[in-house]
Amino acid sequence: MRLTEISRTIKVPYGVDVTLDKRKVTVKGAKGILTRDFSYVPVSIEAEDAKTVRIWAEWPRKKEASLVGTVHSHIQNMITGVEKGFLYKLKIVFSHFPISVKVQDKTVLIENFTGERRARVAKIIGDVKVKVESEDVIVEGINLEDVSQTAANIEQATKVKKKDPRVFLDGIYVYERNEGME
């Protein structure tokens, strides 16, 4: 039996402004502005007043019902991003060859990884700030997807191939995820 309607609402906190232009959602807050286009999603979005956003689908199939929750989570993450921001911390781990990490323009250079001569390169996505503090790499920004993808790029750049990962533990690993930037 199908439901007649599935609906989710978001309470917009004080200091955050959400505007809708058709299905293009713009969220403004203290940390910045995020915009996302949901025109491809077969659900309805409306800002009932200045402080609530409603996402719903009428007579939803399984996919539309799950997309209501997905869009709800995306908009909630946008609100959290412009209000607090996101912070990922990565730890530099090595046993013999000391790894040096440098930030250069929109890339992170990982030098001397397992004694390699050529530096490994990880791409920084979007408007994300990356800092290196002794044994830690700090990735922060307002867009959760950009921050998490940048952290994943850094972690994947130090993936050890053709060796036992239980023995060769060298690399850069995510060890903390937080809401709120420093």
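**Exercise 1.** Which residue in S3 does Val18 stand opposite?

*Solution.* The model is predicted; local features need pLDDT of at least 70, side-chain atom pairs count only at pLDDT 80 or more, and totals for chains, interfaces and linings use all residues. Residues are numbered from 1 along each chain as its sequence is written, and side-chain values use heavy atoms, without hydrogens and water. Strands are DSSP runs of E with at least two residues, numbered from the N terminus, and two strands pair if DSSP finds at least two bridges between them. Strand S2 (residues 17-21) pairs with strand S3 (residues 24-28) in the antiparallel sense, over five bridges. Within this pair, Val18 stands opposite Val27. Two residues separate S2 and S3 in the hairpin, and Lys22 in the turn has a positive phi of about 60°.

**Exercise 2.** State which ring lies under Arg54 and which under Lys163.

*Solution.* A charge sits over a ring if NZ of Lys or CZ of Arg is within 6 Å of the ring centre and within 35 degrees of the ring normal. Arg54 lies over the face of Trp56, 4.2 Å from the ring centre. Lys163 lies over the face of Phe168, at 5.0 Å from the ring centre.

**Exercise 3.** Explain why Leu169 and Val103 count as partly exposed.

*Solution.* Buried means under 20% relative accessible area, exposed over 50%, and partly exposed in between (1.4 Å probe, protein chains only). Leu169 lies in the loop between helix H2 (144-157) and strand S13 (171-179); Leu169 is partly exposed because its relative accessibility is 46%. Val103 belongs to strand S8 (residues 100-104) and is partly exposed because its value is 37%.

Technical notes:
Helices (H or I, at least four residues) and strands (E, at least two) are DSSP runs, numbered from the N terminus.
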